[in-house]
Amino acid sequence: MAVTEGNSPFLRQCFVTATVGFNIIAFGCVIGFPAILLPQLDIEGSSLRLTKEEESWIASMLPLSVLAGNLITPPIMDRLGRKMTHYALTLMSLVGWYVTIMATNFEALVIGRICQGLAAGLLTTLRSVLIGEYTSPKNRGAFLTTVSLSQTFGVFLVHLLGSFLSWQKTALICVFLPFISLVMVIYTPESPSWLLTKGKYTECKENFRWLRGYGEEEELSDMVQARIAYEKAEIKESYVKQNWFRNLATITRKREFYKPIIIMVMSNILMHVSGASTFAPYATMILGLLMGPNANAYFWMVFLDSLRLVSNTFAVYVINRLRRRTMVLATGALSLVSHIALACYVYLKQNGWNYEAIWLPALLINLQFLAVGMGMVPMPQVIGGEIFPLEYRSTGGTISMAIGGGIMFVALKTFPGLIEKTGLYGTYGLYAVIISVNLIAMMLWLPETKGKTLQQIEDELRGRPLKVEEIMARESLQSNPLEIYKRKLSARRCSSPTIA
């Protein structure tokens, strides 16, 4: 792909980001679709009726299939390339939506959700890689923030459409999102970084300059030198000889490895019990129980989606200016207070309190979602990007992602049963206890990371600075061009705000 003077590299980066963005919006639609599907299937006279157990599987099947997709993505990306992986996930998403549209029984709906989840698993791993490799460091932060906004907009869009249309027609409109992405992928180049790993240096340089222009030749030169160094026998052999399982067993005993894992587990628990996961598929159920049968649940669902979209956008500004511990404490405390207040309100209403004004439950649920949009969702992503030492980031990130998927599955699968057995006030009361325990633990364990280097954060987690011999060994390793390039990439990515 030749670079011409009339083409702006920034516009090309916008184009490739938008290509990913349409699939991210479609993923948001997948997350929010059960809130449209399940109430319509529960209407008297529906040709497809589900039991409560089947409904919980429709909602909770997604995180399991997303996790499966996460695990198969790295070998697919490495073998086939970024572009072919993007083709594969887009086609799988199209198949999932088509099966959903044509579904006439529970099994077909589950198959559709599995296909959509596998596509989403590929996407959640690929999206940051694509944006990171395709875009310029000076614009990368802005492009990465579109990930969270696009996903939130997808949830808003499907809830808005489903408020007026049947679930089949809503799914039919949603299918156009991955189709648009499929057409756009045709006109995107292969990732220069992947081409470099395959020894296609000429094509790598052409694609890099098509995406970035001629103003970032230093990064291109670093990439090529690092790859040439990697190809040398002494560097390659040093990586091949490592025993992955033995290495994992060694690093799991290190404080700077297991402590971030524990912190990320607590962060994920806070995120998923705060309402970030359960509201999207069960919105109409929650709002109906909270506001009563006379309230317009669809209106409030779309309104809260709008609030989350706005608060996500505002969070980009706030997170870059406040300390991490302050954000976690403030939004966690707001989430805790809103859960306790909602539990008390529902309990009093069910035990004789005759108060019909809708402003009070509306205020409380809005406070809950302000906490979700401002901190409960974005902060785990911010913390995860800073708290893992560079050498353990890949392994730690994979483990955190797997644990997060498991927590999301448990939250979605158990939510209807908790509502049935304990009511909304009992469920929110239990969640308030979980939030309080994890918030206290987070405040005890979480170090302040804002404004600190990765090495300072690692030393604080370890409880001591590196010993002299450890520094010498690390300096020896980091003298390789490959490691120098990795550190440059890490510094660029850590300086960019990422919100999921």
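Reply: Of the contacts in the chain with a separation of 6 or more, 81% join residues 24 or more positions apart, where contact means heavy atoms within 4.5 Å. The model is a predicted one, so local features need pLDDT of at least 70 and side-chain atom pairs count only at pLDDT 80 or more, whereas totals for chains, interfaces and linings use all residues. Numbering starts from 1 along each chain as its sequence is written, and side-chain values use heavy atoms, with hydrogens and water left out.

The chain has 23 helices and zero strands; these are DSSP runs numbered from the N terminus, with H or I of at least four residues for helices and E of at least two for strands. Of its 500 residues, 53% are buried, that is, under 20% relative accessible area with a 1.4 Å probe and protein chains only, against over 50% for exposed and in between for partly exposed.

The largest nonpolar core holds 111 residues, and those with the most contacts inside it are Leu-109 and Ile-383. A nonpolar core is a set of buried Ala, Val, Leu, Ile, Met, Phe, Trp, Tyr and Cys residues joined through side-chain atoms within 4.5 Å. Helix H20 (residues 393-445) gives the most to this core, with twelve residues. Leaving aside residues up to four places away in sequence, Ile-383 touches Ile-263, Met-264, Ser-267, Val-328, Met-442 and Leu-446. Another core, of seven residues, lies apart from the largest one and includes Trp-194, Leu-195, Leu-196 and Val-224.

A cavity is a set of points, on a 1 Å grid over the protein atoms alone, where a 1.4 Å probe fits but cannot get out; lining residues have an atom within 4 Å of a point. The largest cavity has a volume of about 70 Å³, volume being the space filled by probe spheres set on grid points joined across faces, edges and corners.

Helix H1 (9-32), helix H4 (82-102) and helix H5 (106-134) each supply at least two residues of its lining. Among the lining residues are Asn-23, Phe-27, Trp-97, Gln-116 and Leu-123. The lining of the largest cavity divides into eight nonpolar residues, three polar and no charged. Here Ala, Val, Leu, Ile, Met, Phe, Trp, Tyr, Cys and Pro count as nonpolar, Asp, Glu, Lys and Arg as charged, and the others, Gly among them, as polar.

Technical notes
1 Å grid on protein atoms, 1.4 Å probe; cavity = no way out; pocket = protein on both sides within 12 Å on 5 of 7 lines; lining within 4 Å.
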